[in-house]
Amino acid sequence: QKSKQDMIFTDILSQMITLVLIVLGGFIASKTNIMGGDFDRRLSAFIIKFTCPCLIAASAMGDVMPQREMILPLLGAGFATYAYLFAVASFLPLLFVKDKDLRGMYSFMLMFSNVGFMGYPIVAAIYGGESVFYACILNIPNTVTVFIFGVYFIVGGAGRIKFDWSVLYCPAMVACYIAIAIVALNIQSIPSFISTPVKLIGNITIPGSMLLIGSSMAHMKRRQILGTPKTYIMTFLHLIVVPLGLFLLSDLVGMDRQISLINTMLIAMPVASFGTMFCLNYGKDETHIVQGTFVSTFLSIITIPLIASIINSL
């Protein structure tokens, strides 16, 4: 058991070091005028509109498909999870953020986690390789909601709902529909000359988004990077309170335990890097999002093993 815990910690540490080094690369690139300004805005749009849709589509192009009867329960659990997260993210910032324009930023940080880069390998390390596809299906609602409610939080601000129906047919959502169709129809014979380039282009998404965070940090003062007291309140809620609340609620309604365990660990990941890209893409100040992403990523090296230990012992 101790050996397994050591392996989990090592895997988390490896992911952390990788994230930090990529962010550092973006920081250096911006300081040396390779990144920054219009380049960052163009790269953000490129990731959101092109590489991210490829990443979404590629998630359904694996070699192993789950049992068909598990697809609907996983999707149901995923959408129920994001209904819970939306309710929590809409309410909690009211308790510690007075500025209405900032509430949406904190709502985004509470609702969305860095599932793609950190979630999948950590879930695999804890629950085995077969859990990764479960995580992919559970993450489909994340993809749907981040391009609807995520954009609403960043652009519209809390308290002002202005739904833009065009997000339902933006590139990322179209890719999501394709991924769902592949899974639902159990299509396993996608030619490699199609799946391979889609996966390669999709793989640009994670390092690209981390580089953008580093580039944004390069233009912030050192004190700004470390965040404010509100940043740490949000981080505590995001990494500890919200995941444990989800697990207890899942147990209360009788959700399948394996789904509940995997789902909780995905939600316990640090703040999603998409917040920074949305800010850049829509011309919003990304300072608070960058602070939340940076602080939650570093503190997650402690909180992720803690959450895993708690929920596996309950």
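S215 is buried in the predicted model, with a relative accessible area of 0%, where buried denotes under 20% relative accessible area, exposed over 50% and partly exposed the range in between (1.4 Å probe, protein chains only). This serine belongs to helix α10, residues 205-217; helices (H or I, at least four residues) and strands (E, at least two) are DSSP runs, numbered from the N terminus. When residues up to four places away in sequence are not counted, S215 touches G26, F27, S30, M35, G36 and D40, contact being defined as heavy atoms within 4.5 Å. Residues are numbered from 1 along each chain as its sequence is written, and side-chain values use heavy atoms, with hydrogens and water left out. As the model is predicted, local features need pLDDT of at least 70 and side-chain atom pairs count only at pLDDT 80 or more, whereas totals for chains, interfaces and linings use all residues.

The protein contains 15 helices and 0 strands. Of its 314 residues, 54% count as buried. Among contacts between residues at least 6 apart in sequence, 86% join residues at least 24 apart. The accessible surface comes to about 14,300 Å², and carbon and sulfur atoms account for 67% of it; accessible areas come from the Shrake-Rupley method with a 1.4 Å probe, and for residues only the protein chains shown count as cover.

Helix α14 (residues 274-281) is largely enclosed by the rest of the structure, because 7 of its 8 residues are buried. These buried residues are F274, G275, T276, M277, F278, C279 and L280. The helix is followed by G283, which has a positive phi near 70 degrees.

Aromatic pairs number 13 in the structure. Rings of Phe, Tyr and Trp (its six-membered ring) pair if their centres lie within 6.5 Å; planes under 30 degrees apart count as stacked, over 60 as edge-to-face and the rest as tilted. The pair of Y82 and F112 is stacked, because the ring centres lie 6.3 Å apart and the planes meet at 25 degrees. Since Y82 lies in helix α3 (residues 71-91) and F112 in the loop between α5 and α6, this pair ties together parts that are 30 residues apart in sequence. Both Y82 and F112 are buried. F108 and F278 form an edge-to-face pair, with 6.1 Å from centre to centre and 85 degrees between the planes. With F108 in helix α5 and F278 in helix α14, the pair ties together parts that are 170 residues apart in sequence. F108 is buried at a relative accessible area of 0%, and F278 counts as buried at 1%. Ring pairs link Y82, F108, F112, F147, F274, F278 and Y282 into a cluster.

S113 is located in the loop between α5 (100-111) and α6 (115-127). Its relative accessibility of 5% means that S113 counts as buried. A polar atom of the S113 side chain lies 2.9 Å from the backbone oxygen of I267, and the side chain of S113 also reaches the backbone oxygen of M269 at 3.5 Å. Apart from neighbours within four places in sequence, S113 is in contact with N142, H238, L266, I267, M269, P270, V271 and A272.

On the surface, L13, I17, L21, L24 and I28 form a nonpolar patch with about 430 Å² of accessible area together. Of these residues, L24 lies in helix α1 (residues 2-31) and counts as partly exposed at 41% relative accessibility. Patches are made of residues with over 30% relative accessible area and no salt bridge, like charges being joined within 9 Å and nonpolar side chains (Val, Leu, Ile, Met, Phe, Trp, Tyr) within 5 Å; a salt bridge is a side-chain nitrogen of Lys or Arg within 4 Å of a carboxyl oxygen of Asp or Glu.

Key: Polar contact = N/O pair within 3.5 Å; in protein donor to acceptor, adjacent residues only side chain to side chain.
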